[in-house]
Amino acid sequence: MDQSLTPKNVAIIMDGNGRWAVKRGYPRSFGHIKGTRNAKKIIQACSDLNLKTLTLYAFSSENWLRPKDEVDLLMKILQRYLKRETNNLIKLNIRFSCIGDLSQLPKDVLKAIDQSSQKTQHCTGMHLIFALSYGSQNEITQACRQIAEQIAERQLLPHQITPQLFESYLMTPAGCAPDLVIRTSGEKRLSNFLLWQCAYSEFYFTDTLWPDFKETDLKFAFADYSLRQRRYGKLSSGNSMPSKDIAAPSKPISVTSMTSLTNTYSLVSPQGPVT
Ligand code: FPP
């Protein structure tokens, strides 16, 4: 497979757990449980597809406003996931970390995050990032505050503020701006997720609800991505961000038909075979 056509950094807004459950007459909590099982499968699939980073929007800063029962359940689910899955992450060589305002999380969740992060620190494969109690506007505001403090303390001069410097104050690690952002459940918005980091991301929206989003759907999203021409504001096409961290492709992306891509990814469209 031509690696330049494959996204390396992917972010997913896992939406639609509640609707999935309600549609079937179950409580919303069951949707979150199914959604977690699905996250486990998609994490493994992304690791198998050699992603560099996978960022999952697991709990937004606005999700605190949900009923206490639902928030408590989501916290329990996260804690249980980390306890049960850390050994598997190590087996898959996946490094785990979190971004967000972690100070708001219950102590036992924080402890589970710390343990999983430490235990997987040595892993050299995919970097799995959970955005937890995360909101991009808070992240950007916090970066501005830190920069302002440094200027006030004369450790930084205003003319030294560049996009690269600003980025270093954000919570996300360097070089992992998403190539592709996937949102399930038919909503077509970013909902305060990685606003700065998505400046040049490609977007893939699907009506499929998160618990139903399978590996085939993921591969279909990747195939769709590989047809995009990423120009970063220039006239010539390229499929990778020309930065220090990510080398530009040696040849421009060719316009390949979806049919041949289905062969590349050996997939069938979730809506049936692509013709
Ligand atoms: C959106 O569905 C989903 C969330 C707010 C939480 C996402 C969390 C999980 C999938 C479980 C934890 C994940 C991991 C990786 C352990 P929604 O409840 O907003 O659905 P709705 O829009 O249909 O109401």
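Two strands pair if DSSP finds at least two bridges between them. Helices (H or I, at least four residues) and strands (E, at least two) are DSSP runs, numbered from the N terminus. This is a predicted model, in which local features need pLDDT of at least 70, side-chain atom pairs count only at pLDDT 80 or more, and totals for chains, interfaces and linings use all residues. Residues are numbered from 1 along each chain as its sequence is written.

Q: What makes strand β1 (residues 9–13) and β2 a pair?
A: A pair needs at least two bridges. Five bridges join β1 to β2, and the two strands run parallel. In this pairing, Asn 9 stands opposite Thr 53 in β2.

Q: How do you know that β2 pairs with β4, and in which sense?
A: Seven bridges link β2 and β4, in the parallel sense. The definition asks for at least two. Leu 56 faces Phe 130 in β4.

Q: What makes strand β5 (residues 180–183) and β6 a pair?
A: DSSP gives them four bridges, in the parallel sense. At least two are required. Ile 182 is opposite Tyr 204 in β6.

Q: How many helices and strands does the chain have?
A: There are eight helices and six strands. Along the sequence their order is β-α-α-β-α-β-α-β-α-α-β-β-α-α.

Q: Why is His 122 called exposed?
A: A residue is buried if 20 or more other C-beta atoms lie within 10 Å of its own, exposed if 12 or fewer, and partly exposed in between, with C-beta atoms placed from the backbone. His 122 has 9 other C-beta atoms within 10 Å, so it is exposed. His 122 sits in the loop between α4 (107–119) and β4 (127–134).

Q: What makes β2 mostly covered?
A: Seven of the eight residues of β2 are buried. For the chain of 275 residues, the buried share is 34%.

Q: Which residues of α2 are buried, and what covers them?
A: The buried ones include Gly 31, His 32, Gly 35, Thr 36 and Asn 38. The cover includes β1, α1, β2, α3, β4 and α7 (215–226).

Q: What makes a set of residues a nonpolar core?
A: The members are buried Ala, Val, Leu, Ile, Met, Phe, Trp, Tyr and Cys residues joined through C-beta atoms within 7 Å. The largest such core here has 49 residues. Val 10, Leu 128, Ala 131, Leu 132 and Ala 221 have the most contacts inside it.

Q: Which residues are in contact with Leu 132, leaving aside its neighbours within four places in sequence?
A: Contact means that two C-beta atoms, placed from the backbone, lie within 7 Å. Ala 58, Phe 59, Cys 98, Gly 100, Leu 102 and Leu 105 are in contact with Leu 132.
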